[in-house]
2 protein chains.
Amino acid sequence: MIRSSKTSSPTTEKDYLKFVPLGGLEEVGRNCSFFEYKHDIVVIDVGIQFPEEETPGIDYIIPNVSCLENKRENIRALIFTHGHYDHIHALPYLLEKLGNPVIYTAALTRALIEKRLEEFPRLPKAKFIVVKNGDTIKLCDHFEAEFFDIGHTIPDALGFILATPVGKMVHFGDFRLDMTKDGKPENLEIFERIGKLGVHSIFIDSVNSIREGFSLSERTVEENLENLFKNAKGRLLVATFASLLTRLAEIIKIADRLGRKVALNGRSMKDNIQIAQNLGYIKARKGQIIPLEEIHKYPDNKIMILTTGAQGEPNAGLMRIVNGEHRIVTLKSTDTVIFSSSVVPGNERSVQALQDNIARKVDELYNSKLLDIHTSGHAFSEDLKLVMKLTKPKFVVPIHAYYFMRKMVVKLAEAVGIEQGRVILMDNGQIAKLTADKFVITNEKVPAFYVMVDGLGIGDVEEVVLRDRMVLAEEGMVVIITTIDRASGRILKNPDIISRGFIYLKENKELLDEIRRRLRGLLARVPRAEADPDYVKMLIRDQIGQFLYQKTKRRPMILPVIIEI
Amino acid sequence: MIRSSKTSSPTTEKDYLKFVPLGGLEEVGRNCSFFEYKHDIVVIDVGIQFPEEETPGIDYIIPNVSCLENKRENIRALIFTHGHYDHIHALPYLLEKLGNPVIYTAALTRALIEKRLEEFPRLPKAKFIVVKNGDTIKLCDHFEAEFFDIGHTIPDALGFILATPVGKMVHFGDFRLDMTKDGKPENLEIFERIGKLGVHSIFIDSVNSIREGFSLSERTVEENLENLFKNAKGRLLVATFASLLTRLAEIIKIADRLGRKVALNGRSMKDNIQIAQNLGYIKARKGQIIPLEEIHKYPDNKIMILTTGAQGEPNAGLMRIVNGEHRIVTLKSTDTVIFSSSVVPGNERSVQALQDNIARKVDELYNSKLLDIHTSGHAFSEDLKLVMKLTKPKFVVPIHAYYFMRKMVVKLAEAVGIEQGRVILMDNGQIAKLTADKFVITNEKVPAFYVMVDGLGIGDVEEVVLRDRMVLAEEGMVVIITTIDRASGRILKNPDIISRGFIYLKENKELLDEIRRRLRGLLARVPRAEADPDYVKMLIRDQIGQFLYQKTKRRPMILPVIIEI
């Protein structure tokens, strides 16, 4: 229980609590956010975002925590709600910037973070305090947290009630309601208890706010999977996210019931299942999980392979199997392949190509469009309405989703009697000031633009570089190198022209010759007095650019180089 | 009626009919296909495909008809099934290659094709024979076609029964079944009649074969739209495809019933509605459609704007309105914006961004995820089963879709008693030989690889250019220009280094200096005898490439240039 007497003291208008969402592109607060009261700061999650079309070649995007760097000694706690990449994976890049604060999280999340940190051996040792459902911990002078279990697609997902001087803040992390097999919400006690506490604000995952009804029950998914598994005549290959540990645990149980051995394919699949086994979240009998090398020792109908690569990722386990490049597994027509996953937006075409290739090789292929064999980890509209109704907050802050989805929460809240003004739609970097009965978005902002990680570099890929990459990708480029005698301004040799991603110049000799001819004409017309290299370069860029556009209707990037000898 | 006595004469094994699907990437036969019997060829559709992620900067992809070019004089007919881009828009590029054959199509399709051809004034005049439901036409010695109406999302969609010497071939184009309001299929007479004719093969749109049940009725969509329209307090903005003329016609009718004037935004919207009005497919009362400039003359609740741009296309009508760049329309919070459209795979993110921006500006925004306000134009699994059952073909050829969807038709066919071997799964470029009771896919192939249109050029964007664009997009490039004295092999000046899309070199002076230092070292070590420019370039590419990878974990394209003076 929260001992509110200890932490909530009466406040004046000046003694406000700040809330600032940070990372997650437009998906506000998805990767990072923080609370601040006087000299105390609590940070929630430090995850990565995967890149967008507008950021080609970028590995990932991490939260911009620059506003915290010069008050890192005030960070009293870093809370991780659960172990998914978009909530934990940016830690190695930001651990030192945040001053290596004490981390509060559940056992599984800790193990996943430690696995991730192993890749960065030069970092200082992270300091963990492992918490679990019901734990109440005083984090610092002004904050006390009570943690509670919440339903998601990975075990050990936590929400928390943060007691602050201005009231209780409830953060659910990513969540959905638990559902009985016949689709009734269950395990609602925590929400009922929060309702009785009298809370200031709830911060609520609104990813699926536009989806009607309640979430599909994970048990329905499991039942449908079990039926599919029963009917499979040969081997079973199940492709899913390695992070869906709740479902993976259940699939391994079902395989055991059906007498199938389970082999794992893909590094993250092996790592995650190993970690979950170590902590008892996956309870496989001895000999139930076998090395992939041993699948040939068993009849096909006694084998299940769990594999990564359901998104059509080029180097993942499934792709190697399908392309015939896998050292052990080759598809057989008698295999049954099951995609127990959704398609991450942007991956539609690669997943389609992958499934087409599988369909050419096996007789039985199932995905979640054909059957309910996947469900989202995020609450649907009715889940959200029920949670708002039960928890009775003064304010609701939709987070983790795009604006359209967050705004939909306004309608859902109205339907359960929470008027418009009490649903707070924030953007990343905005500073909200909270007092006992107010939640005000100020005009103050902290930097929240993207920080991009590409290769080894952090934050060194600037907008100009990205813009260039996009032009290069769309139209290609032409380098024009002109060697000039410094004294006479005469062209010393035939200009060198290199193009890439434009048209294939080797086969367009006429165009090449015409460019050279025009260059010579152009340079001959430049008065000596104006033969400043920058001016000449601009001329070349304009004139040759225009010429190429006329000829090809394309606008390659033109890079003139003047070599003066 | 087909007068089969005239065209179907007894055949020997040697007198086979050929069927070859051509365009449409993996979506077999979607953009083009043809039948051939001795010296007679009938081509079906000549459409474009939109580009994929693997073809950056490409405008579109057109069918590869090279196998037809040297027998163009045998092409007796070009049949267009309906007026969508993926079925008609490649014609300007291929009209002459196909020898300007006689075109058989319906009135609206003809008008849309002529509009398209206007953009290419130098082409020869296309020759049309306009056909309609029930018309039977002898196309040449061996082929006779009977055309019939079929349900799709554009008026004048046609299927046809092609009487050939080996039997009757039925092609449905893109289609779905007409549905009553309560979801029962109707207008089934044509399928029943085909069943009585005794047909050889049906060629069947399998885009939605994996979707359960019957198609959603267009009438349900219209009802839902009408309810939304009734509740709108201010202006209505409806975004949809300009090609969904069936729905547009209905929306304009509803607007009339509700007393709203309709204004059009976007060139293709104006063009298509004009064409449909000219032919009587859209019957708007005089004064019902008003110029966009006049919307201010009416109260907001008497206005509906139909706009293009539902896919988040950067230059389309809706995007300009949302970005505040439109010369007439600015969004108001009282507007209701409705997306009556699906999201084309690959556009998910731009549509999300567009809808987020709209949600920030208006109170009411609806899309087809929230409500049934869009339905596909392609038959669902139950539609397909019913059509196969009624038409009783010897063979079924799933077309227009990816392999996974085409293969699903095998299961659907089995469910209505058509065994596996009678469902024919072909790839583009494969040649099938048909005799009275056989449908054999041969090992012969014709070229079917992509032909890409980029800017003005056709087919001049080669694989090497695309590969370069992808590298440029992912990693950027570095041009290294070294000027060398031909006689001494000495470097004449500090090497010029240009990079784009890599890291921002201006701010990485150390790296620049280090590249230059290494270059000088490298060139000093090359023995004079081996100072062949190509060898030196290779050295630079390898060594500097490796150095940059160590420093940045990126592999930009390295373009060494040696200028010898």
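Author: Gladly, starting with one bridge: in β14(A), Val170(A) has Ile202(A) as its partner. This is a predicted model, where local features need pLDDT of at least 70, side-chain atom pairs count only at pLDDT 80 or more, and totals for chains, interfaces and linings use all residues. Residues are numbered from 1 along each chain as written, chains are lettered from A and ligands numbered from 1 in written order, and side-chain values use heavy atoms, without hydrogens and water.

Reader: In which sense do β11(A) and strand β14 of chain A pair?

Author: Strands are DSSP runs (E, at least two residues), numbered from the N terminus, and two of them pair if DSSP finds at least two bridges between them. Strand β14 covers residues 201-205 of chain A, and three bridges link it to β11(A). Their sense is parallel.

Reader: Which residue of β11(A) stands opposite Ile161(A)?

Author: Strand β10 (residues 158-164) of chain A pairs with β11(A) in the antiparallel sense over five bridges. A hairpin through two residues joins β10(A) to β11(A). Opposite Ile161(A) stands Val170(A).

Reader: Why is strand β11 of chain A largely enclosed by the rest of the structure?

Author: Buried means under 20% relative accessible area (1.4 Å probe, protein chains only). Strand β11 (residues 167-171) of chain A is largely enclosed because the buried residues number five of the five.

Reader: How much space lies in the largest cavity?

Author: A cavity is a set of points on a 1 Å grid over the protein atoms alone where a 1.4 Å probe fits but cannot get out. The volume is the space filled by probe spheres set on the points. For the largest cavity that space is about 70 Å³.

Terms used
On a 1 Å grid over the protein atoms alone, a cavity is a set of points where a 1.4 Å probe fits but cannot get out, and a pocket is an open set with protein on both sides within 12 Å along at least five of seven lines; lining residues have an atom within 4 Å of a point. Buried means under 20% relative accessible area, exposed over 50%, partly exposed in between (1.4 Å probe, protein chains only). Helices (H or I, at least four residues) and strands (E, at least two) are DSSP runs, numbered from the N terminus.
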